[in-house]
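The report below reads a single structure through its charged pairs, its sheet and its nonpolar core. Please keep the sequence and the coordinates in view while reading.

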Amino acid sequence: AEALSAIFDTAFTIRSSTQPFQWSIKLVPIDCGDDLDEESAANHVMVNLVATIPLDYPEVSLPDLEIEILKGLSGDTKKELLTLAREEAEANEGMPALFAVCEVVREWLADNNVKGLDDASMHAQMMRKAKEVERKEAQAAQQFEAQKTVEEMTEAEQEELAVRKRREEGTPVTQESFTLWWDNFCAEMEEKKDEETGDITNEDKEKKRIMAERSTGFQIF
């Protein structure tokens, strides 16, 4: 109880402090603190989640859950919400489940924070179902785009990794490439030495260039 009281503050109420304990948590789509006027304007649906806590909870038994409508819901939507809450409690069997249940209920309220859910007429039900289908299709489209983006990012990251790997590896050194580099290096060093001593002529430079461009015996065979 202490943990839930700390999380939900004034929205958490202890209805029974003796066995079996009974707790109530007020859940709304948008938390407006203690401003009741703002809360009423921003939230078209509200409920109390009532949990009766057995002695062997959470190790063995699940809490007995009920939904109390505070605003904007019909009997049918109450049943839907209660089924959702009980399924979440079962999914967390063996461990404290009330916070997870509250989050699922609050998310449902946030997704359905519209006027008219307490209208039980056939037309209203059809409109709600159409809106629910539309919402699910939009969610599926968003998930598809998100997955598509992740895949594209993954391919980009793989390409970047390949480029980085090629940079790290550089050009592999072979006997042929080393021999060619060494011949050119020696020719350049010899040319610089001759230039420094003034012993080289333009004709000698041309001869050395031609020799440097010739293939070595290793390259030929």
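Glu39 forms a salt bridge with Lys26, and the closest N and O atoms of the pair are 2.8 Å apart; a salt bridge here is a side-chain nitrogen of Lys or Arg within 4 Å of a carboxyl oxygen of Asp or Glu. The pair links distant parts of the chain, with Glu39 in helix H2 (residues 36–42) and Lys26 in strand S2, 13 residues apart. Helices (H or I, at least four residues) and strands (E, at least two) are DSSP runs, numbered from the N terminus. Glu39 counts as buried at 7% relative accessibility, whereas Lys26, at 28%, counts as partly exposed; buried means under 20% relative accessible area, exposed over 50%, and partly exposed in between, with a 1.4 Å probe and protein chains only.

The model is predicted, so that local features need pLDDT of at least 70 and side-chain atom pairs count only at pLDDT 80 or more, while totals for chains, interfaces and linings use all residues. Residues are numbered from 1 along each chain as its sequence is written, and side-chain values use heavy atoms, with hydrogens and water left out.

## Other salt bridges

By the rule given above, the count comes to four salt bridges. One of them joins Arg15 to Glu68, with the closest N and O atoms 2.8 Å apart. Arg15 lies in strand S1 and Glu68 in strand S4, so this pair ties together parts that are 53 residues apart in sequence. Both ends are partly exposed, Arg15 with a relative accessible area of 38% and Glu68 with 29%.

Glu66 forms a salt bridge with Arg86, for which the closest N and O atoms are 3.3 Å apart. Because Glu66 lies in strand S4 and Arg86 in helix H3, the pair ties together parts that are 20 residues apart in sequence. Glu66 is partly exposed, with a relative accessible area of 35%, and Arg86 is likewise partly exposed, with a relative accessible area of 35%.

## The sheet

Which order do the strands of the open sheet have? The four strands are arranged as S1-S2-S3-S4, with antiparallel pairing; two strands pair if DSSP finds at least two bridges between them. S1 and S4 stand at the edges, each with a single partner strand, so one side of each is left without a neighbour in the sheet. From one strand to the next the twist averages 25°, where axes are lines fitted to C-alpha atoms, for helices over the stretch in contact, and angles run from 0 to 180 degrees between N-to-C directions.

Strands S1 (residues 12–16) and S2 (residues 21–27) pair in the antiparallel sense over four bridges, and the two form a hairpin with four residues between them. Thr13 has Ser24 in S2 as its bridge partner, and Ser16 has Gln22. On the next pairing, S2 and S3 (residues 46–53) run antiparallel over seven bridges, with Gln22 standing opposite Thr52 in S3. Seven bridges also join S3 to S4, again antiparallel, and Thr52 has Asp64 in S4 as its bridge partner.

## Helices on the sheet

Helix H3 packs on the sheet, touching S3 and S4, and its direction makes about 145° with that of S4. Helix H4 packs on the sheet as well, touching S2, S3 and S4, and its direction makes about 160° with that of S3.

## The nonpolar core

In soluble globular proteins, nonpolar side chains tend to be buried together. The largest nonpolar core of this model has 28 residues, and those with the most contacts inside it are Leu27, Leu65 and Leu109; such a core is a set of buried Ala, Val, Leu, Ile, Met, Phe, Trp, Tyr and Cys residues joined through side-chain atoms within 4.5 Å. The elements that give two or more residues to this core are H1 (2–8), S2, S3, S4 (64–71), H3 (75–91) and H4 (98–111). H4 gives the most, with six residues.

Leaving aside its neighbours within four places in sequence, Leu27 is in contact with Phe8, Met46, Val47, Leu49, Cys102, Val105 and Leu109, contact meaning heavy atoms within 4.5 Å.
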